[in-house]
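Please keep the sequence and the structure in view while reading.

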Amino acid sequence: MTPSTRKVLVVIEHADGAPTEPSLQALTFARPLAAGEPLHALAVGLAPRGLGDHGVGTLHLAEHEAFGSYAPAAVARSVVETIQRLTPSAVIAAGSELGNEVMAHVAAMLDLPLAANCVSATGADVTRIRWGGSLLEEATVHADTVLLTVQPHTVAVETTTAEEPAGELFTPELSAADLAVRVTGRVEAATGGVSLADAKVVVSAGRGAGSAEGFGIIEELAGLLGGAVGCSRAVTMAGWRPHTDQVGQTGTKIAPEIYIASGISGATQHMAGCKGAKKILAINTDPDAPIFASADYGVIGDLREVVPAISAEIRRVKGL
Amino acid sequence: MNVLTCVKRVPMTGGTIVLTEDEQAIETRHLGFTISPHEECGVEEAVRLVEAHGGESVVLTLGPAEAEEQLRDCMAIGADRAIHLVTDGEEWDPQATAAAVVDAIRADGTAYALILFGNESADAGNYQVAIRVAHALGLPVVSGIKGIGVSDGQLRCERESGGGRDVYELPLPAVVSVLEGLNLPRYPSVPGRMRAKSKPVAASIPSRPESRLERKRLVVPAGQGKQAEILGQGADAAPRVVEILQQIGVL
């Protein structure tokens with residue numbers, strides 16, 4: 001198949017018809033690659049709303065009774081069928097967990113290369129992230145149809161004026177293998193407390209806390225600020241805190257108004273998890289710790305003295 | 001049940017990444033090496049499954065001769081043997097990596113009930129080798145897993161999603177890519193390290209195909225040019241910190 005140089009297909013993730021923010025970012029990312037031509041979008045289940053404002057000319061909507069629960073290979077099969085019909089020059093999805101998963105299935109089904117978590121693309125030349133964003137890689141994708149995903153939160157969503165997209169309904173032919181893996185159940189989390197990913201304030205500590213008990217003062221400050229407690233990977237590996245508290249490349253990605261990081265040196269593994277923080281306050285005994293090069297504010301000192309002093313000052317100011 | 005875990009040797013980067021002069025690699029002269037964090041949990045899970053259900057736990061890597069160090073580390077916490085696909089140190093793209101892993105699994109001949117990967121490697125983060133291997137072997141695959149249970153030849157996997165967990169049930173054999181937090185990996189014991197020295201490593205040299213995702217060069221992202229404003233030393237800094245918290249509006 002010879003791809004059209006301007007046909008770009010974007011796979012849309014949505015929650016009950018509302019496109020996810022990373023999917024809208026993928027649409028903004030895709031428009032220059034389509035050189036002004038309207039985009040093709042693909043969704044499964046429900047038609048996502050408002051895609052016309054994001055440059056979509058045609059919405060390919062896959063309908064199948066199996067789409068009631070997420071089945072990654074079945075979504076991928078719908079993408080593959082659309083690729084075979086359209087022969088686009090590029091197929092783009094959000095670099096979310098699900099976006100990367102679906103596109104990896106597409107790449108495997110078509111034996112095509114896939115560039116995950118790109119921050120820019122010109123034709124087949126892409127720049128993608130490594131090390132959770134601590135390093136960039138310039139690469140060339142050798143394929144007639146370029147498959148890529150867009151690193152979330154690196155492109156600002158821009159709307160454009162366009163018509164309501166034309167709808168193209170289709171029912172993909174799904175094999176037993178496409179449906180073999182699907183969500184079959186749900187375990188709800190115990191509610192309570194502020195979730196780390198959504199917290200407006202995160203107070204965390206690393207090895208400098210000294211022990212599991214050393215987190216008492218961290219919990220106290222987080223409590224006074226209505227925030228969540230975080231920690232570094234060293235702390236989780238020592239068994240002082242559960243992995244759900246870990247901020248980092250292989251932990252939780254946070255985006256608070258302020259991140260108070262105490263006794264944390266600032267390894268790339270950790271910093272990849274707090275790039276979304278608006279402000280960072282670092283507390284460390286070592287004035288040369290790398291974290292001070294990424295932080296907005298710093299306090300030189302032992303967290304075991306500084307953190308209780310901040311809590312005491314908050315109590316004094318609030319008259320508690 | 002026989003369990004295979006695929007791992008990748010990566011440098012421990014510390015605070016700042018420095019590149020080699022040709023911008024093709026990270027300068028690692030002063031760095032130690034490890035495997036990707038997700039994979040550490042994969043190896044631990046494999047060892048636990050074999051402890052509970054019997055069978056053999058095998059680790060596989062595609063990497064330079066020095067990656068034997070990481071295979072020995074995995075055997076020190078309980079893996080029984082290792083498969084080493086020895087490279088000249090050049091990175092392989094994810095398609096080529098998956099193809100080499102598939103060839104090695106076929107050549108090994110063991111019937112693996114479960115093939116584990118990390119969800120993505122710490123360095124390249126391509127998010128696709130496990131899925132490519134599963135398609136090539138015609139096996140079911142699930143990604144991003146933080147909970148694994150096996151009973152009656154069925155696999156039950158849990159994946160975090162929207163404040164809870166989605167459950168996937170799939171038949172064995174299967175491929176699963178896992179996330180850190182699946183378990184707390186054990187530290188190797190001294191006897192474990194001693195035993196690992198004499199466990200078998202099957203080494204072979206695969207030939208590297210052309211990259212279809214061809215790396216041109218690496219770039220350290222422009223720093224935000226930040227140098228933290230130092231608010232003070234020790235406990236005396238507390239009033240300034242509280243002023244800042246008030247300015248930001250979180251107090």
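## A strand pair across the chains

A:Glu137 stands opposite B:Leu218, which belongs to β13(B). The strand β9 of chain A, residues 135–141, pairs with β13(B) in the antiparallel sense over 6 bridges, where strands count as paired if DSSP finds at least two bridges between them. Helices (H or I, at least four residues) and strands (E, at least two) are DSSP runs, numbered from the N terminus.

This is a predicted model, in which local features need pLDDT of at least 70 and side-chain atom pairs count only at pLDDT 80 or more, while totals for chains, interfaces and linings use all residues. Residues are numbered from 1 along each chain as its sequence is written, and chains are lettered from A and ligands numbered from 1 in the order in which they are written.

## The contact between the chains

Across the interface, 67 residues of chain B are in contact with 73 residues of chain A, contact being defined by C-beta atoms, placed from the backbone, that lie within 7 Å. Among the elements of chain B that give two or more residues to this side are α1 (37–53), β13 (213–219) and α6 (238–248). The residues on the side of chain B that touches chain A comprise 32 nonpolar, 20 polar and 15 charged; here Ala, Val, Leu, Ile, Met, Phe, Trp, Tyr, Cys and Pro count as nonpolar, Asp, Glu, Lys and Arg as charged, and the others, Gly among them, as polar.

## The sheet

An open sheet of 10 strands with mixed pairing runs in the order β11(A)-β5(A)-β4(A)-β1(A)-β6(A)-β10(A)-β7(A)-β8(A)-β9(A)-β13(B). Its edge strands, each pairing on one side only, are β11 (166–170) of chain A and β13 of chain B.

Within chain A, β7 (residues 114–122) and β8 (residues 125–130) pair in the antiparallel sense over 4 bridges, and A:Cys118 has A:Arg128 in β8(A) as its bridge partner.

## Two helices of chain A

Helix α4 (residues 216–224) and helix α7 (residues 303–318) of chain A pack at an angle of about 30°, with their axes 9 Å apart; axes are lines fitted to C-alpha atoms, for helices over the stretch in contact, and angles run from 0 to 180 degrees between N-to-C directions. α4(A) is therefore roughly parallel to α7(A), a description used for angles under 35 degrees.

Among the residues that meet are A:Ile217 and A:Leu221 in α4(A), and A:Val307 and A:Ile314 in α7(A). The contact of α4(A) with α7(A) divides into 8 nonpolar, 1 polar and 2 charged residues.

Terms used
Contact = placed C-beta atoms within 7 Å. Parallel < 35°, antiparallel > 145°, perpendicular 65-115°, else oblique.
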